Amino acid sequence: MKNQVILIALIGLLSSCGKPGDDIESKKKELESAKSEMVELKSKIASLEKEIQTADPDFAKNNNAVLISTLTPEKKAFEHFVSMRGSVQSRKNVVLSAPTGGIIKQVLAKEGQRVSKGQTLVVLDADVLRNSAAEIKTQLDLAKITFEKQEKLWSQKIGTEIQYLQSKNQMESLENRLATTYSQLDQMTLKAPFTGTIDRVDALQGEMAGPGTPLVRMVNSDDIYINADVSEDFIGKFSIGDPVEVLFPANDKKINTTISAVGQVINPENRTFVVEVKLPSGLSVKPNQVTVVTMRDYLNKDVFTVPTKLIQRDNDGQYVFSVEKKGEISVAKKVYVQVGQGYKSETEVLEGLAGTEVIIAEGFRDVTEGAEVIIAKGKQAKDIATK
């Protein structure tokens, strides 16, 4: 009887929705009205069944009870995760530039080449500096001889102190000029600052390179990490060492890692702070590659959880159906609960459950308060959340 009434209500709804000329708002109102009528019908059916069962005990034997499966709530750890966009970064991702101007004489680096720290990559023409260094060295040799002679004379109190100091100053000044020239000579040879891979070569042999001109980009994939900009709404939610799942959409690869650092400053432009995620070395990823970072923002170590789809609502609040024994029959009973967060197919129940309840799983949509139920023998409800 109950299923027939509900079926008639649904047929009426479908018929009214199919009338030509009805606009969407009218259809929405009709849908809400039909749902309200269905709830009232189910409640009325349950009330009538209870009255009839009281007056006619044999009615229950002939009435069709709802076949259900059940589950028992258990306390366990509940976790909630959020996903956000991140990008791969490298602490060794640098562009090597010309410190001074000069013509590019040799380009020894090639894109994709693996190089060692200190290896020569680009050589600039340094003939002028070499000639200057040779000239200064000649002057320095003479200045050293002059100083040595002046020092001997001064030790014998011959000559004046000013002559001694002038010769000493001349020698030291040339020594400093020569050291500076040698430093400039070293800068004309561009060397690898660390062991890594040549990512890009912009230097062209014979081209004039001005100061600061980019010549070579180097990267090292052994020191990479992920930066994710996180909304300030999540302040205090993440800690160093928290678990993280990283998805690389480009190659459809996932890895599990941890948070290595949490930023302490809010970016005033987008109201976010930076969370750094550790990456193991040897991954086939590139700097600036896009990732999806899933991080845990909530953990309750000991709480009841139930499949989210089992939680319903009425005017008195949210509830689940449990099985209650009344004499020889089992009936459905509303158990009102206070829920917390939900993730995927599970929701935590903060209040309302003691752990002794037998929760109705499959068939929960077909029962009402006080409706008779029959628990299917051997029926497991472990997969109710995914069905």
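The following paragraphs lead the reader through the structure, from the whole chain to individual residues.

The model is predicted, so local features are given only where pLDDT is at least 70 and side-chain atom pairs only at pLDDT 80 or more, while totals for chains, interfaces and linings use all residues. Residues are numbered from 1 along each chain as its sequence is written, and side-chain values use heavy atoms, with hydrogens and water left out.

The protein chain has five helices and 23 strands. Here helices (H or I, at least four residues) and strands (E, at least two) are DSSP runs, numbered from the N terminus. Of the 387 residues in the protein chain, 33% are buried. A residue is called buried under 20% relative accessible area, exposed over 50%, and partly exposed in between, with a 1.4 Å probe and protein chains only. The protein chain exposes about 23,500 Å², and carbon and sulfur atoms supply 50% of this area; accessible areas come from the Shrake-Rupley method with a 1.4 Å probe, and for residues only the protein chains shown count as cover. Among contacts in the protein chain with a separation of 6 or more, 73% are between residues 24 or more positions apart. A contact means heavy atoms within 4.5 Å.

Covering residues 127-155, α4 has 29 residues and reaches 42 Å from its first C-alpha to its last, close to the 42 Å expected at 1.5 Å a residue. The expected span is 1.5 Å times one less than the number of residues in the helix. The buried residues in α4 are Leu129, Ala133, Ile136, Leu140, Ala143, Phe147 and Gln150. An α-helix has 3.6 residues a turn, so residues three or four places apart point the same way. The buried residues of α4 pack against α5 (161-187). After α4 comes lysine 157, whose phi is positive, near 65°.

Strands are joined into sheets. Strands of a sheet pair through backbone hydrogen bonds, either parallel or antiparallel. In this model, an open sheet of four strands has the order β8-β7-β5-β10, with antiparallel pairing. The strands β8 (189-191) and β10 (208-209) stand at the edges with a single partner strand each, so one side of each is left without a neighbour in the sheet. Two strands count as paired if DSSP finds at least two bridges between them. Strand β5 (residues 102-107) is joined to β10 by two bridges, and the two strands run antiparallel. Glycine 102 stands opposite alanine 209 in β10, and isoleucine 103 stands opposite methionine 208 in β10. Three bridges join β5 to strand β7 (residues 120-124), again in antiparallel fashion.

Glutamine 106 is placed in strand β5, and its bridge partner in β7 is valine 123. Not counting residues up to four places away in sequence, glutamine 106 touches Leu121, Val122 and Val123. Glutamine 106 counts as partly exposed, at 40% relative accessibility.

Rings of Phe, Tyr and Trp (its six-membered ring) pair if their centres lie within 6.5 Å; planes under 30 degrees apart count as stacked, over 60 as edge-to-face and the rest as tilted. The rings of phenylalanine 78 and tyrosine 298 have centres 6.3 Å apart and planes at 65°, so this pair is edge-to-face. The pair links distant parts of the chain, with phenylalanine 78 in strand β3 (residues 75-90) and tyrosine 298 in strand β16 (residues 290-307), 220 residues apart. Phenylalanine 78 is buried, with a relative accessible area of 4%, whereas tyrosine 298 counts as partly exposed at 23%. The rings of tryptophan 154 and tyrosine 164 have centres 6.4 Å apart and planes at 15°, so this pair is stacked. Tryptophan 154 lies in helix α4 and tyrosine 164 in helix α5, so the pair ties together parts that are 10 residues apart in sequence. Ring pairs link Phe147, Trp154 and Tyr164 into a cluster.

Strand β16 also contains threonine 291. Threonine 291 is buried, with a relative accessible area of 0%. Leaving aside neighbours within four places in sequence, the residues in contact with threonine 291 include Met84, Gly86, Ile226 and Phe248.
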